[in-house]
Amino acid sequence: MSALLSPLRADEGAPENAEKEITAALAKLSDADRKLADAQRWCVVEDDNRLGSMGAPLKIMVDGKPVFLCCAGCKKKAAANSAADTGQVGKN
Ligand SMILES: [Zn+2]
């Protein structure tokens with residue numbers, strides 16, 4: 001049975017490992033923050049980057065609401081964005 005599975009497992013392993021890393025990164029947050037980051041799921045600046053895929057997500061406040069970013073680089077981009085731009089965050 002393993003002979004059939006092994007060629008596929010090599011490819012499928014990467015996403016599984018990524019999930020584990022993401023789970024581990026999110027575990028560094030407080031319970032409340034982890035739930036928010038889990039619900040948000042994606043970085044608001046790099047919206048194809050999963051929160052936690054680059055370490056513990058960074059929390060920033062936008063219009064009084066906590067918003068999570070995947071990395072410090074995105075924090076700079078978020079700060080550079082206009083308020084109108086970050087207003088889209090609420091739709092996510
Ligand atoms: Zn980022």
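Among the elements of the chain, the lowest mean pLDDT, 49, belongs to helix H4 (residues 83–86), whereas the highest, 97, belongs to H2. For the chain of this predicted model, the mean pLDDT is 82, and 74% of the residues reach 70 or more. The secondary structure comprises four helices and two strands, arranged along the sequence in the pattern α-α-β-β-α-α. The chain has 92 residues, of which 18% count as buried. Of the contacts between residues at least 6 apart in sequence, 45% join residues at least 24 apart.

The two strands, S1 (58–62) and S2 (residues 65–69), pair in the antiparallel sense, and five bridges connect them. The strands form a hairpin with two residues between them. Asp63 lies in the loop that joins S1 and S2, and its phi is positive, at about 55°, although the residue is not a glycine. Most residues other than glycine have a negative phi. Asp63 is classed as exposed because 10 other C-beta atoms are found within 10 Å, and the limit for that class is 12 or fewer.

A positive phi is also found at Arg41, a residue other than glycine, where the value is near 70°. Arg41 belongs to the loop between helix H2 (31–40) and strand S1. The count of C-beta neighbours inside 10 Å is 13 for Arg41, so this residue is partly exposed.

The largest nonpolar core consists of eleven residues: Ala37, Cys43, Val44, Val45, Leu51, Met54, Val67, Phe68, Leu69, Cys70 and Cys74. Strand S2 gives the most to this core, contributing three residues. In soluble globular proteins, nonpolar side chains tend to be buried together.

One of the core residues is Leu69, which is located in strand S2. Leu69 counts as buried because 24 C-beta neighbours fall inside 10 Å, and 20 or more are required for that class. When residues up to four places away in sequence are not counted, Leu69 touches Cys43, Val44, Val45, Pro57, Leu58, Ile60, Cys74, Lys75 and Ala78. Among these contacts, Cys43, Val44, Val45 and Cys74 are themselves members of the core. The C-alpha atom of Leu69 is 9.0 Å from that of Arg50, with 19 residues separating the two in sequence.

Val45, another member of the core, is placed in the loop between H2 and S1. Val45 has 23 C-beta neighbours inside 10 Å and therefore counts as buried. With neighbours within four places in sequence left aside, the contacts of Val45 are Leu69, Cys74, Lys77 and Ala78. For the pair Val45 and Cys74, the C-alpha separation is 5.9 Å, while the two residues are 29 residues apart along the chain. Cys74 and Ala78 are in contact with Val45, and both are likewise among the residues touched by Leu69.

The loop between H2 and S1 also holds Ala56. Ala56 is partly exposed because 19 other C-beta atoms lie within 10 Å, and a buried residue needs 20 or more. Apart from residues up to four places away in sequence, Ala56 touches Ala25, Lys28 and Leu29. The C-alpha atoms of Ala56 and Leu69 are separated by 9.1 Å, and the two residues are 13 apart along the chain.

How values were computed. Residues are numbered from 1 along each chain as its sequence is written. This is a predicted model: local features need pLDDT of at least 70, side-chain atom pairs count only at pLDDT 80 or more; totals for chains, interfaces and linings use all residues. A nonpolar core is a set of buried Ala, Val, Leu, Ile, Met, Phe, Trp, Tyr and Cys residues joined through C-beta atoms within 7 Å. Two residues are in contact if their C-beta atoms, placed from the backbone, lie within 7 Å. Two strands pair if DSSP finds at least two bridges between them. pLDDT is the predictor's confidence in each residue, from 0 to 100.
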